[in-house]
Amino acid sequence: MIIYGIKRRLITGILLSLMAALGFGLSAVLVKAGMSSVSVKTATVISLISSTAVTMIVAFLLHYEEIFSLSPVAFIWFILAGLITFLGGRFLNFHAISLVGASKASAVVSATPLFAAILAVIFLDENIGVMLGIGTAMIVFGITLVVIQE
Amino acid sequence: MNETAKKITYYGFLFAVCAAFLYALSALVGKKITDDFSSPMVASAFSILFGLVATGSMFFRTVSKEARYLSGRSWVLIGLSGCASALGVSGWYLALNVTQVVVVAPIVAVYPLITILAASLFLRGIEKVTKKTVAGAIIVVIGVLFVGFGT
């Protein structure tokens, strides 16, 4: 019975992870296809409208009580995260997609964990291990391969 | 490649690198939020909401001008893109709720390969997917897995 429960959670986790990968993967292609007659600014705002609707529904369905007990300070951090991730990150990501295409831009943007690791080493005093070194070298080489096409 | 095309490509990759850096920075801010204030799903929902308010206010003039003449097809595709990335975020956090990060991270890390596959299927007339892009993306994905397990 316990093993069955663990197996079910694992399968659910794998399916949800696949949903996440599909969502992230298709997002760039869909925006590239829809951006032919519109500026990056408008595309960013429209995509954020639908993103807000979906995440708000999920958040209210799963964390209704938590939302009404949030501290005011939390909202300051939410604003900061919103500015960095969406006014900064998504806007520049869409710009990159419109200029070099969805496949190349995605390959470069997917190097985010490398930057996160570098920031963690600088600000959180995490150590640089062998795996991190190999991963960094591979990411740099992979991106170079994508960038230097001609 | 002429000078203008080179410049466009250069700026495109520069923007992509800057976006990756900002997403990484937001992960640090996200860690602070989820450690001290709320669950990741709530943090995402409100961050996106405030992101919408900020971009909507900043780009209001452009958006109000263009939105009127935007084709239904563009509305649907860009709207679906927003839904897809929201499903990505939701799926990521929900997956972490039911299973370990060692299962979730490698699966989610393959998303650039899904982009390449989808681009080669649906963007045939718009962009060319080269062998070098595919090879580069595969190497980046493997590198990301190394970084993930290394930290």
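**Entry 1: Ala59 of chain A**

I looked up Ala59(A) and found that it touches Ile67(A), Met41(B), Val42(B) and Ala45(B), leaving out residues up to four places away in sequence. I counted two residues as in contact if their C-beta atoms, placed from the backbone, lie within 7 Å. The model is predicted, so I noted its limits: local features need pLDDT of at least 70, side-chain atom pairs count only at pLDDT 80 or more, and totals for chains, interfaces and linings use all residues. Residues are numbered from 1 along each chain as its sequence is written, and chains are lettered from A and ligands numbered from 1 in the order in which they are written.

Ala59(A) is found in helix α2 of chain A. Helices (H or I, at least four residues) and strands (E, at least two) are DSSP runs, numbered from the N terminus. Is Ala59(A) buried or exposed? Ala59(A) counts as buried because it has 25 C-beta neighbours inside 10 Å. The cut-offs I used are these: a residue is buried if 20 or more other C-beta atoms lie within 10 Å of its own, exposed if 12 or fewer, and partly exposed in between, with C-beta atoms placed from the backbone.

**Entry 2: Lys41 and Thr42 of chain A**

I then took two residues of helix α2 of chain A, Lys41(A) and Thr42(A). Lys41(A) has 19 C-beta neighbours inside 10 Å and therefore counts as partly exposed. Thr42(A) has 23 other C-beta atoms within 10 Å, so Thr42(A) is buried.

What does each of them touch, not counting residues up to four places away in sequence? For Lys41(A) I found Phe59(B), Thr62(B) and Val63(B). For Thr42(A) I found Thr62(B), Val63(B), Glu66(B) and Ala67(B).

I also checked two distances from C-alpha to C-alpha. Lys41(A) and Gly129(A), 88 residues apart along the chain, are separated by 40 Å. Thr42(A) and Ile139(A) are 97 residues apart in sequence and 32 Å apart in space.

**Entry 3: Gly51 of chain B**

Gly51(B) sits in helix α2 (residues 40–58) of chain B. I found 29 other C-beta atoms within 10 Å of Gly51(B), which is why it is buried. Leaving aside neighbours within four places in sequence, Gly51(B) is in contact with Leu48(A), Gly82(A), Thr85(A), Phe86(A) and Leu87(A).

**Entry 4: where the chains meet**

How many residues of chain A are in contact with chain B? I read off 109 residues of chain A in contact with 107 residues of chain B. On the chain A side, the elements that give two or more residues are α1 (2–34), α2 (40–67), α3 (72–100), α4 (102–109), α5 (112–123) and α6 (130–147). Of these, α1(A) gives the most, with 24 residues. By class, the side of chain A that touches chain B has 68 nonpolar, 34 polar and seven charged residues. Here Ala, Val, Leu, Ile, Met, Phe, Trp, Tyr, Cys and Pro count as nonpolar, Asp, Glu, Lys and Arg as charged, and the others, Gly among them, as polar.

I looked at α4(A) with helix α6 (residues 111–122) of chain B, and they pack at an angle of about 180 degrees with their axes 9 Å apart. Axes are lines fitted to C-alpha atoms, for helices over the stretch in contact, and angles run from 0 to 180 degrees between N-to-C directions. The two helices are therefore roughly antiparallel to each other (under 35 degrees is roughly parallel, over 145 roughly antiparallel, 65 to 115 roughly perpendicular and the rest oblique). Ala102(A), Ser103(A), Ser106(A) and Ala107(A) of α4(A) make the contact with Pro112(B), Thr115(B), Ile116(B) and Ala119(B) of α6(B). I sorted these residues into five nonpolar, three polar and no charged.

In α6(B), the buried residues include Tyr111(B), Leu113(B) and Ile114(B). I checked the span of α6(B): at 1.5 Å a residue its twelve residues should span 16 Å, and its end C-alpha atoms are 16 Å apart, which agrees. The expected span is 1.5 Å times one less than the number of residues.

Chain B has seven helices and zero strands. Its C-alpha trace spans about 45 × 40 × 25 Å along its principal axes. Buried residues make up 49% of its 151 residues.
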